Amino acid sequence: MPRIRTLFKALLMFALLVSTGARAEMTIEIVGGGASKHAIAVVPFKDEGSRVREALTPIIRNDLELSGVFRMVDGSTIANVPVEPADVRYPLWQAAGAQSIAIGKVEPVAGGQVKISFRLLDVAQKKQLTSGEFTVTPDRGREVAHTIADMIYEAITGQKGIFNTRVVYVLKNGRNYMLQVGLITDVDSNRAQTILRSKEPIISPSWSPDGRYLAYVSFESKKPVVWVQDLATGQRRAVANFKGSNSAPAWSPDGSKLAVVLTTTGNSQIYLVNTLGGAPRRLSYSDAIDTEPAFTPDGSQIYFVSDRTGGPQIYRMAVSGGAAQRVTWQGSYNVSPRVSPDGRTLTFIRREAGRFRVMAQDLASGDVRALSENGYNERPSFAPNGRMVLYASDAGGKSVLYATTLDGSSKVKLAVINGEVQDPSWGPFNNPQ
Amino acid sequence: MNWKQLVLGTATVTLLAACASTKPAPVAPASNNGAASSSQTTAPVDTGSSDMKSVQGDPLHDPNSPLAKRSVYFDFDSSTVKSSDKPTVEAHAGYLKDHADRKVIIQGNTDARGSREYNLGLGQRRAEGVKRSLEVLGVKESQVEAVSLGKEKPKATGNTEADFAENRRADILYNGE
């Protein structure tokens, strides 16, 4: 665990999100394993109520809880609210059960900006774990709060935080379809950016590895066609529009190619197309339905769904060619595979006794466990740090997005939204554009 | 500032800068056929943008003609055209053979829940079943395109067996329709 005394200034130059003032409501269902969570007290930052548009620490607490790794310690009974490390009465926080404590303040600086500073302190060792300073305009507190949450997450777990990463999903309202992108921590139709509107279905959005493009399937021309759209400019083009159906785009990890499903042979088969154009190269060979390709992180293998033995099962094949190997052996209906960023876990959907559950399979041992229990769940995808899985569910009669930890012990219901939320996908870490 | 701090700081700046690009207005497809013709790398399939000719006496528009039936139904988990729908397929095969300039697109549909993409494959299988039937009856391959809507456009939205049966369906669309 880093014990460095960090001090840096991130000068934030550009407006990021149009803050609407409305909070996304998250519901966190703790299924179990609460005792293993890290107990943290995030005390209100001095003047956060008056100097930034939105108080910072509620956002930080929400983010940390979303991760499933943290348990919030209520410090409201402790009369003294520490601002500087010297203010922290460690025995009181230790008695309250806190393993770490985050403190901070918001100060005015020249030019109408504010300086937000925070420190994360280890309660038992009375030592600073990390700290940061951000000079921003007051309307940008929200993004600073997500960044502080990322830093706290990384200081405690050693893993990169995901609180500034994005998700894409299709929002269906009656006959209107919208492809929307938003932060995982702010899934909310008011904050989300609408990328595409259509009166015809949109399915299977897929992030480019650099997060700059989305591939998706649009039915706007009476049939499924695969498009790639530049998120920054809105420009788009059809990358697979062959006779028959074109669907199920999946980016290769180097971003140069898309695996797609084409039907030019009279059945659904997997092909590789260059994102810049060119003839498709056939990858799968069966007289069955082969679909839902997903690359391994090293780009050498593709997991996919095939019903070549009857019901749909998950298989793996080398991109370089050769026979496919069957991967799922339990259950009669296994679909929608995705591989974890470390290549060690497969998540997918299994239909069993009328339920469609999110599963996780250890690829080395073959052990499978369920990450969701009830209802109808759809299209799981991994967080870019591999620690959570996002999926859509209609468990309550209405579709919502869930994020679950990989052991299924903590599930977050991300607040949504009037309409049906379909086909979510968790995006990559943000890269410079 | 040591190396770790520098990396962390740089990562934070780039992370936030990465989010700073402007928000483009959402794209809205202009029309069914027009949108697919923007700069693309593959030739668009003609899904039927040519003008519909209102030919007097065209049996296609006669409500009493068997050609008025445009839907073909399937049993559960089947892509075989039911015998009760064979006359529909035969009527369209006859019309297409007589009108070599006409083209059809067969849209397959499914009733099932589950993976959208797998259902797309199942709907495709049904559409291909109709396409093969037409070809067996002498229709040219170039006149027929089989595509799938999967479970995305159910005609019946209920949960009864009758609703499911209604959605196990392929529709025949003539170009221009």
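Two strands count as paired if DSSP finds at least two bridges between them. Strands themselves (E, at least two residues) and helices (H or I, at least four) are DSSP runs, numbered from the N terminus. The model is predicted: local features need pLDDT of at least 70, side-chain atom pairs count only at pLDDT 80 or more, and totals for chains, interfaces and linings use all residues. Residues are numbered from 1 along each chain as its sequence is written, while chains are lettered from A and ligands numbered from 1 in the order in which they are written.

Start with chain A. It is divided into domain 1 (9-157) and domain 2 (166-426); such bounds come from an automatic or database domain assignment. The C-alpha centres of the two domains of chain A lie 34 Å apart.

Now find strand S16 of chain A, residues 257-262. Six of its six residues are buried, so the strand is largely enclosed by the rest of the structure. Buried means that 20 or more other C-beta atoms lie within 10 Å of the residue's own, with C-beta atoms placed from the backbone. Both faces of S16(A) are covered. A:Lys257, A:Ala259 and A:Val261 are buried on one side, and A:Leu258, A:Val260 and A:Leu262 on the other.

What does S16(A) pair with? Strand S15 (residues 246-251) of chain A runs antiparallel to S16(A), joined by four bridges. Here A:Asn246 stands opposite A:Leu262.

The hairpin of S16(A) and S17(A) has six residues between the strands, and A:Gly266 takes a positive phi near 95 degrees.

Turn next to an open sheet of four strands in chain A. Its order is S10-S9-S8-S31, with antiparallel pairing. Strands S10 (193-198) and S31 (420-426) of chain A stand at the edges, each with a single partner strand, so one side of each has no neighbour in the sheet. Inside the sheet, eight bridges join S8 (residues 166-173) to S9 (residues 176-183) of chain A. A:Arg166 has A:Leu183 in S9(A) as its bridge partner.

Over residues 61-177, chain B is 35% helix and 19% strand. The end C-alpha atoms of this stretch are 12 Å apart.

Definitions and conventions. A residue is buried if 20 or more other C-beta atoms lie within 10 Å of its own, exposed if 12 or fewer, and partly exposed in between; C-beta atoms are placed from the backbone.
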